[in-house]
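This report looks at how the parts of one protein chain are held against each other. Please have the sequence and the model open while reading.

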Amino acid sequence: EAIKPVKSDYKIASDSLFAPFEFQNSNKKYVGIDVDLLNAITKTQKFNVTMNFVGFQTAVDQTQAGQADGMIAGMSITDERRKVFDFSDPYFTANATIAVKDTTKDITSYKDLKGKTIGVKNGTASQEFIEKNKEKYGYKIKVFDAADTMYESLNTGSIHAFMDDEPVVKYAILQGKKFATPIEPEKIGEYGFAVKKGENPELIAMFNVGLAKLKTNGDYDKIVAKYMGDTD
Ligand code: GLN
C-alpha cells in the first residue's frame with residue numbers, strides 16, 4: 001500500500017534565503033530545516049527531488065506554471081493560497097513580526113509606523129498583511145525580492161522596519177543582527193509543502209506519510225533542534 005512516485009525526479013522550488021529553513025552554509029551548500037526535512041522524507045518514502053532555490057515569489061510562480069512540481073519555502077498555509085495550491089499537513093508553526101533596529105525606540109505599536117517605510121518580501125504573507133493595513137496605519141511600503149537586501153536596507157536606514165516570519169527574525173538576531181521585535185506578532189498560518197492545486201497528488205501523500213514517520217521516530221525534532229537548538 002506504499003504510495004509510488006509517478007516521476008523519477010521531482011523539481012522542488014524554494015526560497016533563496018530564509019534561514020534557518022533554507023540558506024547557504026559557509027561552503028555555499030544549501031541547508032536548513034526545509035532542506036533536511038524534505039531530504040529525510042524522500043529517503044523514507046523512496047522518491048527523488050531536485051531542489052532549486054529561486055526565491056519565494058519565483059517559487060510560487062514556477063509551481064503555478066508547472067515548471068516546478070512543488071515547493072517548500074517556509075510557506076504559510078493561507079485561505080487565499082488554498083485556492084490555487086494543495087498543501088501537505090502542517091510541519092511548523094510561525095507568526096510574522098515587525099522588526100526594527102535595536103536602537104529604534106519610537107516604534108512600539110503599529111500606530112508608530114505612521115509616515116515610516118516598511119519593508120516586506122515579495123509574495124509573502126507579511127506583504128499581504130502590510131498591504132491590507134496600509135491605509136489604517138499610514139505607512140509606506142518597500143517590496144524586496146530577498147531577505148538580505150531587506151535586512152541591509154534596515155541597517156542603512158532606507159526602511160524603518162520590516163515584517164518577516166518570527167523564527168527567521170529570531171534566528172537573524174541570534175546570528176548577530178542588531179534587530180528588535182517591539183510589536184506583538186501576527187498569526188499567518190502554519191507552514192506546508194505545496195503543489196499546484198490538483199497536480200502531483202502523490203507528492204503530497206508521500207510528504208505526509210514521511211512527515212508522520214519523522215515525527216514518530218524523533219528525526220523531525222532532531223532536524224529542528226539542529227538549526228534552532230532550544231531557542232524556539
Ligand atoms: N511564511 C511566509 C509566507 O508564506 C514567508 C515565507 C518566505 O518568505 N519564504 O508568506
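## Burial and the model

A residue counts as buried when its relative accessible area is under 20%, as exposed when that area is over 50%, and as partly exposed in between. By this cut-off D15 is buried, because its relative accessible area is 1%. The model discussed here is predicted.

## Two domains

The chain is divided into domain 1, made of residues 10-91 + 192-228, and domain 2, made of residues 95-188. Between the C-alpha centres of domain 1 and domain 2 the distance is 25 Å. Domain 1 brings 16 residues to the contact and domain 2 brings 14 residues.

The size of an interface is often given as the accessible area lost when the parts come together. For domain 1 and domain 2 the buried area is about 1,200 Å², and carbon and sulfur atoms give 58% of it. On the domain 1 side, L17, F18 and Q57 lose the most area to domain 2; together they account for 33% of what that side buries.

## Polar links between the domains

Between domain 1 and domain 2 there is one salt bridge, and two residue pairs are in polar contact. The side of domain 1 that touches domain 2 has nine nonpolar, five polar and two charged residues.

## Salt bridges

How many salt bridges does the count come to? The count comes to eight. One of them pairs D15, in the loop between strand 1 (10-14) and strand 2 (23-24), with K121 in strand 8 (residues 117-121), so parts 106 residues apart in sequence are tied together. The side chains of D15 and K121 meet at 2.6 Å, N to O. K121 is buried too, with a relative accessible area of 3%.

A salt bridge also joins K226 and D36, with their closest N and O atoms 2.8 Å apart. K226 lies in helix 9 (residues 219-228) and D36 in helix 1 (residues 33-45), so this pair ties together parts 190 residues apart in sequence. Is K226 exposed or buried? K226 counts as exposed, because its relative accessibility is 58%, whereas D36, at 16%, counts as buried.

The side chains of K116 and D106 form a salt bridge at 3.2 Å, N to O. K116 is buried, with a relative accessible area of 18%, while D106 is partly exposed at 46%.

## Helix 7

Helix 7 covers residues 166-174, and its buried residues include E166, P167, V168, V169, Y171 and A172. After helix 7 comes G176, which has a positive phi near 110°.

Conventions: Residues numbered from 1 in each chain as written. Predicted model: local features only at pLDDT ≥ 70, side-chain atom pairs only at ≥ 80, totals over all residues. Heavy atoms only, no water. Domains from an automatic or database assignment. Contact = heavy atoms within 4.5 Å. Buried area = accessible area lost by both parts, 1.4 Å probe. Salt bridge = Lys/Arg side-chain N within 4 Å of Asp/Glu carboxyl O. Polar contact = N/O pair within 3.5 Å; in protein donor to acceptor, adjacent residues only side chain to side chain. Nonpolar A, V, L, I, M, F, W, Y, C, P; charged D, E, K, R; others polar. Buried < 20%, exposed > 50% of the residue type's maximum accessible area, 1.4 Å probe, protein only. Helix = DSSP H or I, 4+ residues; strand = E, 2+ residues; numbered from the N terminus.
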